[in-house]
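Please have the display open while I talk.

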Amino acid sequence: MKALNLYHTNDLRYEECEMPVLESDNEVIIEVKATGICGSDTSRYSKLGPYIKGMTFGHEFSGVIFQVGQGVSDLAVGDRVTACPTIVCGQCDYCKQGAYSRCKNLYVIGSYIPGSFAQYVKVPASHVLKIPDNVDFQTAAMVEPSAVVAHGFYKTHLKPGMTVAVIGTGSIGLLAIQWAKIFGAIQIIAIDIDDNKLEVAKKVGADIVINSAKVDLEEMIQQNFADKIDLAVESSGAKAVIGPILTLPKKGGEVLFLGIPYADIDLSRTQFEKILRNELNLHGSWNALSAVFPGKEWTSTLYYMSKGAIRVDSIVSHYVPLSKGPEMFNRIIQRKENISKVIFYPE
């Protein structure tokens with residue numbers, strides 16, 4: 001089969017690999033139909049390099065069951081599916097509590113075992129979820145990032161009628177806008193420095209958009225939304241916004257951190273004191289798992305996708321053959337064009 005294998009930073013190769021082989025009665029092999037680039041994949045490609053040289057990476061995907069182990073009874077060849085790509089040990093204290101996202105030995109396919117940037121991928125049968133008939137493969141490839149967002153939102157106290165601000169309108173931020181709607185937010189403010197992304201934010205449900213490169217964000221919030229923002233969601237991981245986001249919520253409000261920063265964070269005294277003086281509730285969120293594994297984040301995502309409440313057509317900007325992977329990653333890191341979410345399809 002063909003796959004994308006990462007050897008070093010900026011060294012991604014589309015090449016022939018061995019097909020996965022069932023080694024357990026409780027495994028399945030999936031023929032990949034659509035697989036998306038995660039922000040973590042881009043960082044791994046351009047900054048961090050592979051966990052293992054030559055590893056097939058990628059972890060957001062959908063496809064069709066190709067082969068099932070002898071112990072699998074609830075899945076059959078030909079089923080349309082997606083799968084949770086996160087492997088947990090099941091033995092540590094956190095796993096025993098059902099807090100799987102805190103597993104001490106957690107890892108994702110594409111790191112230490114082959115991932116989904118391939119024609120076929122192998123996963124445990126317990127990780128597989130069937131796709132509703134009215135959800136296409138491209139949409140189902142976005143179940144994992146949607147579940148990541150849902151995991152964070154379930155930590156908050158967001159209720160119908162509240163106001164939410166989302167900083168960063170990449171794919172995670174755009175999904176956060178849609179989840180805010182699902183949770184009943186009456187007003188959603190999208191904040192970014194890219195007008196093109198903000199236009200997409202409007203399409204997926206943002207009521208107000210703010211280009212923070214063109215205004216003093218803190219001043220604008222104080223003038224127009226003082227004591228109105230119940231929840232602020234940080235979905236970019238950008239160093240420049242970690243401090244300012246603390247100035248957005250009203251007293252007693254919440255901040256949800258979804259983005260992954262790749263640099264040290266600096267906070268001013270004023271920003272830090274917002275946590276204390278405003279008695280903010282801060283939520284760190286990691287991965288997308290809960291009990292019963294893989295969790296309600298996954299089943300609810302599939303439900304809301306089937307109902308049209310979570311849509312990805314405005315989020316996906318490029319849908320290209322897997323063979324174009326090395327070229328596509330290079331284009332992403334060059335930042336010379338407007339590229340949002342990229343979905344590969346194996347030929």
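Where is Pro294 found? Pro294 is in the loop between S16 and H10, where helices (H or I, at least four residues) and strands (E, at least two) are DSSP runs numbered from the N terminus. Before I go further, please keep in mind that this is a predicted model, in which local features need pLDDT of at least 70 and side-chain atom pairs count only at pLDDT 80 or more, while totals for chains, interfaces and linings use all residues. Residues are numbered from 1 along each chain as its sequence is written, and side-chain values use heavy atoms, with hydrogens and water left out.

Let me stay with that loop for a moment. The peptide bond from Phe293 to Pro294 is cis, with omega near 0°, and a cis peptide bond also joins Ala291 and Val292, with omega of about 5°. Val292 is found in the loop between strand S16 (281-284) and helix H10 (296-306), and Asn287 lies in the loop between S16 and H10 as well. Asn287 is a residue other than glycine with a positive phi, near 60°, and it is buried, at 11% relative accessible area; here buried means under 20%, exposed over 50%, and partly exposed in between, with a 1.4 Å probe and protein chains only. As background, most residues other than glycine have a negative phi, and most peptide bonds are trans.

Asn10, which is not a glycine, also has a positive phi, of about 60°. Asn10 sits in the loop between strand S1 (2-8) and strand S2 (11-16), and with a relative accessible area of 44% it is partly exposed.

Turning to helix packing, the axes of helix H1 (residues 39-48) and helix H11 (residues 325-334) come within 10 Å and cross at roughly 90°, the axes being lines fitted to C-alpha atoms, for helices over the stretch in contact, with angles running from 0 to 180 degrees between N-to-C directions. H1 and H11 are therefore roughly perpendicular to each other, a label given to angles of 65 to 115 degrees, whereas under 35 counts as roughly parallel, over 145 as roughly antiparallel and the rest as oblique. On the H1 side the contact (heavy atoms within 4.5 Å) involves Asp41, Thr42, Tyr45 and Ser46, and on the H11 side Pro326, Phe329, Asn330, Ile332 and Ile333.

As for charged pairs, the structure holds 17 salt bridges, each being a side-chain nitrogen of Lys or Arg within 4 Å of a carboxyl oxygen of Asp or Glu. One of them links Arg13 and Asp11 at 2.9 Å, N to O; Arg13 is partly exposed at 34%, whereas Asp11 is buried at 19%. Within helix H9, Glu273 and Arg277 lie four residues apart, about one turn of the helix, and their side chains meet in a salt bridge of 3.0 Å, N to O.

Finally, the surface: Leu48, Ile260, Tyr262 and Trp286 form a nonpolar patch with about 410 Å² of accessible area together. Patches are made of residues with over 30% relative accessible area and no salt bridge, like charges being joined within 9 Å and nonpolar side chains (Val, Leu, Ile, Met, Phe, Trp, Tyr) within 5 Å; the areas come from the Shrake-Rupley method with a 1.4 Å probe, and for residues only the protein chains shown count as cover. Tyr262, in the loop between strand S15 (254-257) and helix H9 (269-277), counts as partly exposed at 38% relative accessibility.
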